[in-house]
Amino acid sequence: MAQPVRFAAVGGVNTATFYACYLPLHRLLPYFTAYSLAFALSMTGSFLLNTYFTYRTRPTWKKFLLFPLTQVTNYGMQSAGLVALVGWCGMNSTLAPLAAAAFALPAGYLVSRRILRPPARAGATAGATAGPAQDAAGQAGAAPVRSGDPA
């Protein structure tokens, strides 16, 4: 399965988790407060699913601490969509978060990919694709051992 497809699948699971939190909170709180709390609650699951399943990398504390930055874009786009759909278009506040999430999906993918799976370093890519590593004298040797994601 390609990364965008895996990202969309994780997004579906995350949306279901979010919605399962949102509905009970929506009965107790104003819709935007319920939305904000449900969004915060579903973020840790999203981080773990995206690191392990979408990008197939290991989670680190650094990524975990940076992951909310990926959600800022997502939250901003979804929030603006939610307010526009409910306030301007008159959409039902129970369904509007699902529509807002769909609109934010492409931007969320690009930002999370950048944080959770940064581009490979030039030296690591060259060593991985150019064949056996060479020492300072130009002699071929064993390829360097990569211990996984450096971040």
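The protein chain has five helices and zero strands, where helices (H or I, at least four residues) and strands (E, at least two) are DSSP runs numbered from the N terminus. This is a predicted model, in which local features need pLDDT of at least 70, side-chain atom pairs count only at pLDDT 80 or more, and totals for chains, interfaces and linings use all residues. Residues are numbered from 1 along each chain as its sequence is written, and side-chain values use heavy atoms, with hydrogens and water left out.

**Exercise 1.** Find where confidence in the protein chain is lowest and where it is highest.

*Solution.* Begin with the score itself: pLDDT is the predictor's confidence in each residue, from 0 to 100. The protein chain averages 79, and 77% of the residues score at least 70. Next, go through the helices: confidence is highest in helix α1 (residues 3–28), at a mean of 91, and lowest in helix α5 (residues 122–129), at 48. Finally, look at residues 125–151, over which pLDDT stays under 50, and for which the model has 21 contacts (heavy atoms within 4.5 Å) beyond four places in sequence.

**Exercise 2.** Describe how α3 packs against helix α4.

*Solution.* Axes are lines fitted to C-alpha atoms, for helices over the stretch in contact, and angles run from 0 to 180 degrees between N-to-C directions. Angles over 145 degrees count as roughly antiparallel, and α3 and α4 are therefore roughly antiparallel to each other. By class, their contact has 18 nonpolar, six polar and one charged residues; here Ala, Val, Leu, Ile, Met, Phe, Trp, Tyr, Cys and Pro count as nonpolar, Asp, Glu, Lys and Arg as charged, and the others, Gly among them, as polar.

**Exercise 3.** Describe the packing of helix α2 with helix α3.

*Solution.* Helix α2 (residues 31–54) and helix α3 (residues 61–88) pack at an angle of about 145°, with their axes 10 Å apart. The residues that meet include Y31, F32 and F39 in α2, and F64, F67 and Y75 in α3. The residues of this contact divide into 13 nonpolar, eight polar and one charged.

**Exercise 4.** Determine whether T51 is buried or exposed.

*Solution.* First locate the residue: T51 is found in helix α2. Buried means under 20% relative accessible area and exposed over 50%, with partly exposed in between (1.4 Å probe, protein chains only). T51 has a relative accessible area of 0% and is therefore buried. Not counting residues up to four places away in sequence, T51 touches R56, T57, P59 and L116.

How values were computed: Parallel < 35°, antiparallel > 145°, perpendicular 65-115°, else oblique.
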